[in-house]
Amino acid sequence: MKRKLEISFVLLISLLFIAINSHYAFKQSFAFSMIPFMLLAGVWVVFAPTKLFFTLAFLAPLSVPLRRILPGLSFDFWFPTEPILVFLLVLVILKSFKEGYFKKELLSHPVFISMLFYLAWLLIAVVPSEMPVVSVKYFFVRFWFLGVFFYLAFILFRENKKNIYKYLWFYIFGLILVVLFSMSKQASVSLFNHRASHLASAPFFIDHTSYGAVLALIVPIVAAFAANAKVLWKKYAISGLTLFFLFALLISYSRAAWLSLVVGIGVWFLIKLRIKLRTIIITGAIGVALFFTFHEIIMWRLESNTTDSSGNLSEHIQSIYNIRSDASNLERINRWDAALDMFMERPLFGWGPGTYQFLYAPFQKSYYKTIVSTNFGDSGNAHSEYLGLMSEAGLPSAIAFVVIWVFVLIRGIRLVQREDIQRDDRNIIIACIVGLVTYIFHAFLNNFLDADKVAALYWGYMAIIVAFDVKYRKTKAIRV
């Protein structure tokens, strides 16, 4: 009897829906037809969050700004990934309270502790912000990026190593579609036309610089997958995919991305040569000291370069250090100088997270302005994660950001120097380290961590390293 009542209820609801939907369809209104799909998506979110997480990885490279779909909106976010991020974060929080889902081993991990401090300081900096609404949104974006791309990722990666491969492959498949799309757009003009490359990846990427940053991040991982492949045809196929992404990086004409990959490869050589961690740190410190010691000579050499960016690869490479006539490089200096002046006025709390792009205009100096500068200061961000944080949330936020990746790199390098680590695990960890290094360097020249496609890899790589660190922590000592 109960079963019959349930069936009758379902039939009644279905017939009612069909009747209402037919009425609206007759009036050329199809919004009601979306309800079944919305319900299906809701059921998927609640009952298959793990599959939704991997779908998120696939969609991250393919997401677009909502204003591209609905022009004229007063707000914007990455669609459809940011709504999914919010859903997943809420589910994780609810599950943590209900089932004790919180991973207590993270509470003693320096990477997680430094992340908590980073988020806490951003929240504190919201209070004195010049634009509280902007700062609150900025904080929540960072919160759900870290909550899903690091915390939820860590949980899944720690539970099953196969989830690491699933996550990365889903992202790679999504990125392949973007690269093919970008190449087809660029090929309509010329694959080696540097101007055509600037917007070839739109609407998925803001411009070629963020596109290049992601390609530099993904190349080490694909190379590691090729090295780990056990079947010969898979090794050749994934090696071909590595070359495919390298070619895409080349024709992206993103000089910062090229340079960041070179730096990453340099770190890879240091790791492969088994250079001790303390030696790497000391070498880095000496390099910084030498730069400041001879900075006047270095600046003189840089200012003597007048080669501008162009389609000629040789000239484009030389233009990387042209700070005399290259508009892109000069505009970076303009933004950096404005960020430093903003920081000097408010060194502790900054002007408010996310507010640089709205407030930097008065801090521009006339002799630093370029042909791409605007008096209204409405052309984007600080072109540096570090200076952007300093100007927006004060010195503590920038220090916390640096401390996070310092701890990750230290833990990662120590991991790969272990005697007992599996070869495949070592290759993945090295690839994550190299990928992170590309963005850590890139972050001096640009800031893209407000984009889901960059955050998915940056925080995801950290989750992978921390997951392996927790896994191997209780085994034998590390050879440093």
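**Helix packing and local backbone features of a predicted model**

Tyr-253 is buried, with a relative accessible area of 1%, where buried denotes under 20% relative accessible area, exposed over 50% and partly exposed in between (1.4 Å probe, protein chains only). This residue has a positive phi of about 55° although it is not a glycine, and its place is the loop between α11 (232-251) and α12 (255-272). Helices (H or I, at least four residues) and strands (E, at least two) are DSSP runs, numbered from the N terminus. The model is predicted: local features need pLDDT of at least 70, side-chain atom pairs count only at pLDDT 80 or more, and totals for chains, interfaces and linings use all residues. Residues are numbered from 1 along each chain as its sequence is written, and side-chain values use heavy atoms, with hydrogens and water left out.

The protein comprises 20 helices and two strands. Of its 480 residues, 47% are buried. Its accessible surface amounts to about 23,900 Å², and carbon and sulfur atoms account for 71% of that area (Shrake-Rupley method, 1.4 Å probe). With contact defined as heavy atoms within 4.5 Å, 72% of the contacts between residues at least 6 apart in sequence join residues at least 24 apart.

Helix α3 (residues 49-59) packs against helix α7 (residues 132-159) at an angle of about 125°, and the axes are 12 Å apart. The arrangement of α3 relative to α7 is therefore oblique, given that angles under 35 degrees count as roughly parallel, over 145 as roughly antiparallel, 65 to 115 as roughly perpendicular and the rest as oblique. Axes are lines fitted to C-alpha atoms, for helices over the stretch in contact, and angles run from 0 to 180 degrees between N-to-C directions. Thr-50, Phe-53 and Leu-56 of α3 form the contact with Val-148, Phe-149, Leu-152, Ala-153, Leu-156 and Phe-157 of α7. Eight of these residues are nonpolar, one is polar and none is charged (nonpolar: Ala, Val, Leu, Ile, Met, Phe, Trp, Tyr, Cys and Pro; charged: Asp, Glu, Lys and Arg; polar: the others, Gly among them).

Further backbone features occur in loops. The peptide bond from Phe-79 to Pro-80 is cis, with omega near 5°, and Pro-80 belongs to the loop between β2 (78-79) and α5 (81-99). A cis peptide bond also links Ala-202 to Pro-203, with omega near 10°; Pro-203 is located in the loop between α9 (194-197) and α10 (208-228). His-383, not a glycine, has a positive phi of about 60° and lies in the loop between α17 (356-359) and α18 (385-416).
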